[in-house]
Amino acid sequence: MKDLARINREKIEKFNFDLYIKNKNYQMASAIGALLTCNDIQMSFLKEESNLDKGDYSLRLYALLQALFVSIDSLYVIAYSLTKSKNFININSNADLRALKYIRNDVVGHPSNRIISSDIAYCLLDDNSITKESFDYYVYYDNEVVKKSVNIIDTLRSYYLESNSLLDNLYQIENNKNDNTIYKSLIEKVINDYMNEKNYSKNLDELIKEYKEEFPNLKISNSRILWRYDIIKKLEGVKTKNNDEKELVSYCIGIEIFKIYELINKTKYEISMNRRNPKYISSLYRFLNKNRDLLYLLDNLKNCDQPVFYPSLCKLYNAAMKLNNENVIAYIKMIKEAYSYRRDEVVYGLSLPFKQYIRK
């Protein structure tokens with residue numbers, strides 16, 4: 001672990017902090033400075049020390065969680081400063097780091113007033129459980145108490161592996177002046193094939209091949225383009241039972257293709273998909289229009305790792321069952337089934353139409 005931390009510092013220091021200060025690029029300078037400070041905190045946490053009491057452990061844990069939170073934010077800032085896009089990196093695809101922001105908010109951010117969905121919860125750190133390797137805390141709801149155990153070493157390892165890989169690619173971008181003309185050309189071909197119901201996969205695969213050749217060390221968690229490509233491939237693997245399910249999956253794949261276009265061109269895709277909504281999506285939107293008291297649930301369906309995701313999905317499902325809306329029931333059943341098998345990419349892909357719903 002110490003080697004990963006040392007390598008992390010070396011990669012941060014490759015960026016020319018003094019030059020950014022000289023050029024008054026304070027956004028980059030502050031992010032680099034924050035990463036270096038947080039690396040010191042993380043290294044300090046890993047130091048071998050004896051005779052620590054309960055207060056020492058709590059202090060170190062608070063510092064570590066906040067430092068990791070700030071580090072991830074700083075990586076996003078550097079990526080945005082270099083690419084002018086918030087979508088270059090996708091650290092949230094790493095389960096450990098995706099959970100980190102919830103853990104930090106539970107333990108450090110708002111333990112005595114934690115709002116989860118529309119419920120207020122209270123989080124209590126078990127001070128006696130804290131070691132260098134792990135800790136426990138409890139989340140108290142009105143009718144339930146949930147114990148959460150966190151493996152600190154796994155979280156740190158995930159952070160260093162993701163951060164080190166990402167810093168390599170960001171440094172390459174900083175020093176790489178190549179344009180992305182070939183990507184723009186290929187994604188146009190992909191969209192043309194998709195819109196004309198032809199085989200879009202050949203050009204999409206070629207685009208990703210070119211992209212990986214330029215960034216050979218890039219991982220899915222370092223790139224939203226690779227992440228969305230992975231979602232497309234997972235959606236293509238969904239076994240559909242009827243034409244309505246097939247149309248839904250194809251439509252969701254289209255959404256992801258257009259998202260890749262936007263990532264490459266750094267602009268919104270303004271042309272309509274020019275397709276009617278599949279039956280399941282049309283039924284869902286009509287259902288939401290007639291049951292506006294359920295719209296607040298949509299805010300909880302952005303990330304399947306959110307504690308409120310599945311309960312909110314079930315509330316929508318139960319409401320559809322109560323009103324005997326067969327199409328909405330069938331649609332949400334597909335998402336619930338994927339969720340039960342922890343097929344997160346499929347859950348996310350099939351849930352995209354929820355995000356596209358326009359509240360009138």
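Among contacts between residues at least 6 apart in sequence, 66% join residues at least 24 apart, where contact means heavy atoms within 4.5 Å. The model is a predicted one, in which local features need pLDDT of at least 70 and side-chain atom pairs count only at pLDDT 80 or more, while totals for chains, interfaces and linings use all residues. Residues are numbered from 1 along each chain as its sequence is written, and side-chain values use heavy atoms, with hydrogens and water left out.

The protein has 14 helices and four strands, these being DSSP runs numbered from the N terminus, with helices (H or I) of at least four residues and strands (E) of at least two. Its radius of gyration is 23 Å, which agrees with the value near 21 Å that a compact globule of 360 residues would have; the radius is taken over C-alpha atoms, and the globule rule is 2.2 Å times the number of residues to the power 0.38. Along the principal axes, the C-alpha atoms fill a box of roughly 65 × 55 × 35 Å. Of the 360 residues, 50% count as buried, where buried means under 20% relative accessible area, exposed over 50%, and partly exposed in between (1.4 Å probe, protein chains only).

Two loop residues show how sequence and space can be set side by side. Asn217 is found in the loop between helix H8 (201-214) and helix H9 (224-236), and at 52% relative accessibility Asn217 counts as exposed. Asn217 and Leu166 are 51 residues apart in sequence, and their C-alpha atoms are 8.7 Å apart in space. Pro111, in the loop between helix H5 (95-109) and strand S1 (114-116), is partly exposed with a relative accessible area of 22%. Pro111 and Ile187 are 76 residues apart in sequence and 46 Å apart in space, again from C-alpha to C-alpha.

Charged side chains come next. The count comes to 15 salt bridges, a salt bridge being a side-chain nitrogen of Lys or Arg within 4 Å of a carboxyl oxygen of Asp or Glu. One of them joins the side chains of Asp136 and Lys147 (3.9 Å, N to O). Asp136 lies in strand S3 (residues 134-140) and Lys147 in strand S4 (residues 145-151), so the pair ties together parts that are 11 residues apart in sequence. Asp136 is buried, with a relative accessible area of 17%, whereas Lys147 is partly exposed, at 48%. Another salt bridge is formed by Glu337 and Lys241 (3.7 Å, N to O), and this pair links distant parts of the chain, with Glu337 in helix H13 and Lys241 in the loop between H9 and helix H10 (243-265), 96 residues apart.

Helix H13 (residues 326-340) also holds Lys336, which is buried yet has no salt bridge, the nearest side chain of opposite charge, Glu337, being 11 Å away; here Lys and Arg count as positive and Asp and Glu as negative, while His and the chain ends are not counted. Leaving aside neighbours within four places in sequence, Lys336 is in contact with Tyr310, Leu313, Cys314 and Tyr317.

A search of the whole structure finds zero disulfides, a disulfide being a pair of cysteine sulfur atoms within 2.5 Å.
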